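Please open the model in your viewer and keep the selection tool at hand. The tour below goes from one selection to the next and says what is to be found at each stop.

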Amino acid sequence: RLGFVQIRRVGHGFAVASGRYDDPDEPGDVSHFQALTTALSATVGIGNIAGAALAIHYGGPGALFWMWMTALLGMATKFAEVTLAQEYRELSVETHKHAGTVAGGPMYYIERGLGSQWTWMATFFAIALGFTAFITGNAIQANTLADTMQSTFGTPNVVTGLLAAGVVAAVILGGITRIGRVTGILAPLMAGVYVFGALLVILMNLGEVLPTFGLILSEAFTPSAG
């Protein structure tokens, strides 16, 4: 139905993220680029490093093929999700001047788009998302950080936890505006380091690239890969 929007409109997506369509008079708290980096800041690391490593560990090289397929499909579903989130978001407006607070997301477009009879699902989603944010969004990352600091530098977990909590609090207590400013600097740096590291590994093993693609495709249709 979307006509492969993730391929057809990818150029427009880059143009939006680059700031070509930014308008300071538009409602909202962050720029297009800051919105992108805020979303990326939670996925660079857990998603594409730890997640990929776990998938390959349990499913073998063929698991990568299905990660590509879900990513391709996910680009289109994410486009639909974000479009709905923009359509049904709640803006705080004060005497023709936007007060700088925006509320939105799946719980809003479920209730507003599907109707009040679906409020129960919107409520359930909001509660579930709260648990998810603490567990997969924070607990795993905090645990990984503490474990790495302890095993590499001998830093006690309590010390790492307190330092991490202090830094995170300094950012998130400033609201989405401050979060956007910080991620706008850190996320591109994180992504750059990741891409550079990945390319370095590939260049150091150029002879294995084609055989690896062959292995991924040949093992893609095994039960473990799925």
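A residue is called buried when its relative accessible area is under 20%, exposed when that area is over 50%, and partly exposed in between. The model on the screen is predicted.

Begin by selecting tryptophan 68, which has a relative accessible area of 36% and therefore counts as partly exposed, since this value falls between the limits of 20% and 50%. The structure holds five aromatic pairs, and one of them is formed by tryptophan 68 and phenylalanine 213, a tilted pair with 6.1 Å centre to centre and 40 degrees between the planes. This pair links distant parts of the chain, as tryptophan 68 belongs to helix H5 (residues 63-87) and phenylalanine 213 to helix H10 (residues 209-219), 145 residues apart. Phenylalanine 213 is likewise partly exposed, its relative accessibility being 41%.

Next, select helix H4, which spans residues 46-59, and follow its axis to alanine 52, where a kink of about 25 degrees is centred. Just after H4 comes glycine 60, for which the backbone takes a positive phi of about 80 degrees.

For the next stop, display the charged side chains of glutamate 90 and arginine 112, which form a salt bridge whose closest N and O atoms are 2.8 Å apart. The structure holds one salt bridge. Because glutamate 90 lies in strand S1 (residues 90-94) and arginine 112 in helix H6 (residues 106-114), the pair ties together parts that are 22 residues apart in sequence. How accessible are the two partners, glutamate 90 and arginine 112? Glutamate 90 is partly exposed at 38% relative accessibility, and arginine 112 is also partly exposed, with a relative accessible area of 39%.

Finally, switch to a surface display and select Ile49, Tyr194, Val195, Leu199, Ile202, Leu203 and Leu206, which together make a nonpolar surface patch of about 650 Å². Which helix gives the largest share of the nonpolar patch? Helix H9 (residues 175-204) does, contributing five residues. Tyrosine 194, a member of the patch, is found in helix H9.

Key:
Residues are numbered from 1 along each chain as its sequence is written. This is a predicted model: local features need pLDDT of at least 70, side-chain atom pairs count only at pLDDT 80 or more; totals for chains, interfaces and linings use all residues. Side-chain values use heavy atoms; hydrogens and water are left out. Patches are made of residues with over 30% relative accessible area and no salt bridge: like charges are joined within 9 Å, nonpolar side chains (Val, Leu, Ile, Met, Phe, Trp, Tyr) within 5 Å. Accessible areas come from the Shrake-Rupley method with a 1.4 Å probe; for residues, only the protein chains shown count as cover. A salt bridge is a side-chain nitrogen of Lys or Arg within 4 Å of a carboxyl oxygen of Asp or Glu. Helices (H or I, at least four residues) and strands (E, at least two) are DSSP runs, numbered from the N terminus. Rings of Phe, Tyr and Trp (its six-membered ring) pair if their centres lie within 6.5 Å; planes under 30 degrees apart count as stacked, over 60 as edge-to-face and the rest as tilted. Buried means under 20% relative accessible area, exposed over 50%, partly exposed in between (1.4 Å probe, protein chains only). The bend at a residue is the angle between axes fitted to the seven residues ending there and the seven starting there.
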